[in-house]
Amino acid sequence: MERELPLVSESVVQPAPAPRTRPPRRRENYQPTGKPPWLKVRAALGPNYRRIESLMRDLSLNTVCEEAHCPNIFECWERGTATFMILGDICTRACGFCAVKSGRPTELDWAEPERVAEAVSAMGLKHAVITSVTRDDLTNGGAEIFRATIRAIRERCPGTAVEVLIPDYEGNWEALAITIEARPDVLNHNLETVPRLYPWVRPKARYERSLELLQRAKAMDGDVLTKTGIMVGLGETLDEIRKVMEDVHRIGVDIMTIGQYLRPSIKHLPVERYYRPEEFDELKRMGEAIGIPHVEAGPLVRSSYHAHEQLEKLSGVNV
Ligand code: SF4
């Protein structure tokens, strides 16, 4: 029997403007007034920030914190956390929201997993988050490197939880199985946005395929926590967000993140709307009322933001 869900108060979550009938143009210089105060962050280059920066340079490692222009970099790096980006720094896709370089990637670096493990050890991480560029040029999308990286961290830092944020592997379920075989604590794959906006936000991805990936990951290993995330502010409606949450709940995802889309440059998709902090609180309530075990929602929430705290909260649920 379907549960009746509490309605999100219209007074809190403002109705989004009517969906556009045409794609937002990448070069369209549309911003809904200036950036609101709750999105302003203080750039503090403290000692830990500099330590992580030089560690990454010394070990020739990339982080998504830098490549994706993450607004939390000063806070996260000062707290001693970072998200490693493996498989190079050139992505084979060119999503409308993403600041990572796209083009023809370089060779595979088989020594990278050991260097990531060395950095995890040097940073003393309790929770390591590993993501990658998308490598559609490789047979298994680089899944073997994900597996080797998880194993190298397990070997060197047995007490560290490992979270991987993986691409869709173009629906190659063998590649997914290779990743799952190394038993990450959390398998994350972002839906990024509502299905209607896929042609502009993730033109080479398919919403249903991403849902299937998350569902299959859970079926392959029920102990792995699954996680996904979306950005808001790209022109989605509240009903569309609710429908995504229902899908996420239906396929048994444990953690969902929701954050504000920020435009990395004029070449990227415009921001349609800035959500207020209390609207994020309401989205969190809505997702958890639908039944998702943990929803992390806030203007500056990103997939890896406070990832360890999310795992701790759910450790009694699945791990
Ligand atoms: S939220 Fe994630 S990507 Fe952003 S700085 Fe923190 S660890 Fe890096």
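Helix α6 (residues 173-181) packs against helix α8 (residues 207-220) at an angle of about 45 degrees, and their axes lie 10 Å apart. That makes α6 oblique to α8 (under 35 degrees is roughly parallel, over 145 roughly antiparallel, 65 to 115 roughly perpendicular, and the rest oblique). Axes are lines fitted to C-alpha atoms, for helices over the stretch in contact, and angles run from 0 to 180 degrees between N-to-C directions. Helices are DSSP runs of H or I with at least four residues, numbered from the N terminus.

This is a predicted model, in which local features need pLDDT of at least 70, side-chain atom pairs count only at pLDDT 80 or more, and totals for chains, interfaces and linings use all residues. Residues are numbered from 1 along each chain as its sequence is written.

In α6, W173, L176, A177 and I180 meet L213, R216, A217 and M220 of α8 (contact means C-beta atoms, placed from the backbone, within 7 Å).

A second pair is α9 (residues 238-250) and α10 (residues 277-290), whose axes come within 9 Å and cross at roughly 40 degrees. These two helices, α9 and α10, are therefore oblique to each other as well. From α9, the contact uses I241, R242, M245, E246 and H249, and from α10, L283, M286, G287 and I290.

The ligand is surrounded by V64, C65, C70, N72, I73, C76, T81, A82, T83, R302, S304 and Y305 (near means a C-beta atom, placed from the backbone, within 6 Å). Helices α2 (64-67) and α3 (73-78) each supply at least two residues of this shell.

Terms used:
Contact = placed C-beta atoms within 7 Å.
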